[in-house]
Amino acid sequence: MTAAQEIPAPTPGPALREGRVDYTPTAHSVVLARHRATRLVLQWGHPALAGDAALLVSELATNALLHGAIRGRLFRVRLTLTASALRIAVSDPRGERLPDPREPDADDCYGRGLLIVAQLADDWGVEPRTVGKTVYAELAVR
């Protein structure tokens, strides 16, 4: 996927479970979102997905904080479980700043988050919103 693509993903089926929280754009919110995602996925009966879900939430929420935050505006983390997929969606108010995966230099401290998302998720992408964007990642439920 390139940064310019905004293709809504097909819905993997009706939601069996869903959790959604709006967070203030702070580093502590990323920690809270990661812990909440782990807890939900475990409660929903998918312990094998909990670690990957936590990492995906952490990467997407960090990107929302670093590249999508606007003072006074929240970002949203939404987890949706269907019969076939766990969808992690993070929405932020900066629709003009699309994710741009890049190949960082070996000594770069940053720039690997979307590469991690692309490797870990079975699918990922960007959906436009009236205000902002949603970046999602999906894990297949096996």
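The largest nonpolar core of this predicted model comprises 32 residues, and V77, L79, L86 and I88 have the most contacts inside it. Such a core is a set of buried Ala, Val, Leu, Ile, Met, Phe, Trp, Tyr and Cys residues joined through side-chain atoms within 4.5 Å, where buried means under 20% relative accessible area (1.4 Å probe, protein chains only). At least two core residues each come from α1 (27-43), α2 (47-67), β2 (75-81), β3 (85-92), α3 (113-120), β4 (123-128) and β5 (133-140); helices (H or I, at least four residues) and strands (E, at least two) are DSSP runs numbered from the N terminus. The greatest contribution, nine residues, is that of α2. Residues are numbered from 1 along each chain as its sequence is written, and side-chain values use heavy atoms, without hydrogens and water. In this predicted model, local features need pLDDT of at least 70 and side-chain atom pairs count only at pLDDT 80 or more, whereas totals for chains, interfaces and linings use all residues.

Helices α2 and α3 pack at an angle of about 145°, with their axes 10 Å apart; the axes are lines fitted to C-alpha atoms over the stretch in contact, and angles run from 0 to 180 degrees between N-to-C directions. Contact (heavy atoms within 4.5 Å) joins D52, L55, L56, E59, L60 and N63 of α2 to G113, L114, I116, V117 and L120 of α3.

Within α3, the residues G113, L114 and V117 are buried. Seen down the axis of α3, its buried residues fall within an arc of 95° and therefore line one face of the helix, the arc being that of the directions from the helix axis to the C-beta atoms. The elements covering these buried residues include α2, β4 and β5.

Conventions. Buried means under 20% relative accessible area, exposed over 50%, partly exposed in between (1.4 Å probe, protein chains only).
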